[in-house]
Amino acid sequence: MKFIAFNGSPAGLNSATNRMLTAFLRDAAQVGAEPIYYQLCDYQIHHCKGCFSCWFQSLGKCVLQDDMEPLLSALKKVCPCPSLHIHIAGGGGTWTRLQFLFMWC
């Protein structure tokens, strides 16, 4: 089983979120899972503008040019169907954009 974690805290490696996710993914790996971990602060990602171009003009393709595509590709490999039960914390606009684009996978 694969686990993917996105740390949206602006504190990155120094955050409490990082400590929790690191512990969780370490334990998951010990029982055979394949963890994948992304620090969102390491990527140049723009916040969603709410234009809905990804829905109405070019399905699943955002008009913003940034580092979102590798993250979306990683998410598609781990979870082939979208989950709408997402808690938005920290970089909420970033996570909202990832959710919108992922719904069109």
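Mentor: Welcome! A salt bridge is a side-chain nitrogen of Lys or Arg within 4 Å of a carboxyl oxygen of Asp or Glu. Keep in mind that this model is predicted.

Trainee: How many salt bridges does that rule give here?

Mentor: The general idea is that side chains of opposite charge can pair when their charged atoms come close. In this structure the rule finds 1 salt bridge. Its partners are Arg 26 and Asp 27, with 3.7 Å from N to O. Arg 26 is partly exposed at 47% relative accessibility, and Asp 27 is partly exposed at 40%.

Trainee: What order do the elements of the chain follow from the N terminus?

Mentor: They run β-α-β-α-α-α, which comes to 4 helices and 2 strands.

Trainee: And how should I read aromatic pairs?

Mentor: A pair of aromatic rings is described by the distance of the centres and the angle of the planes. This structure holds 6 such pairs. One of them joins Phe 6 and Tyr 38, which are stacked at 5.6 Å centre to centre with 15° between the planes.

Trainee: Where in the chain do Phe 6 and Tyr 38 lie?

Mentor: Phe 6 belongs to strand β1 (residues 2–7) and Tyr 38 to strand β2 (residues 34–39), so their pairing ties together parts 32 residues apart in sequence. Phe 6 is buried, with a relative accessible area of 15%, and Tyr 38 is buried at 17%. Ring pairs also link Phe 6 and Tyr 38 with Tyr 43 in a cluster.

Trainee: Is Phe 56 buried or exposed?

Mentor: Phe 56 is exposed, at 66% relative accessibility.

Definitions and conventions:
Residues are numbered from 1 along each chain as its sequence is written. This is a predicted model: local features need pLDDT of at least 70, side-chain atom pairs count only at pLDDT 80 or more; totals for chains, interfaces and linings use all residues. Side-chain values use heavy atoms; hydrogens and water are left out. Buried means under 20% relative accessible area, exposed over 50%, partly exposed in between (1.4 Å probe, protein chains only). Rings of Phe, Tyr and Trp (its six-membered ring) pair if their centres lie within 6.5 Å; planes under 30 degrees apart count as stacked, over 60 as edge-to-face and the rest as tilted.
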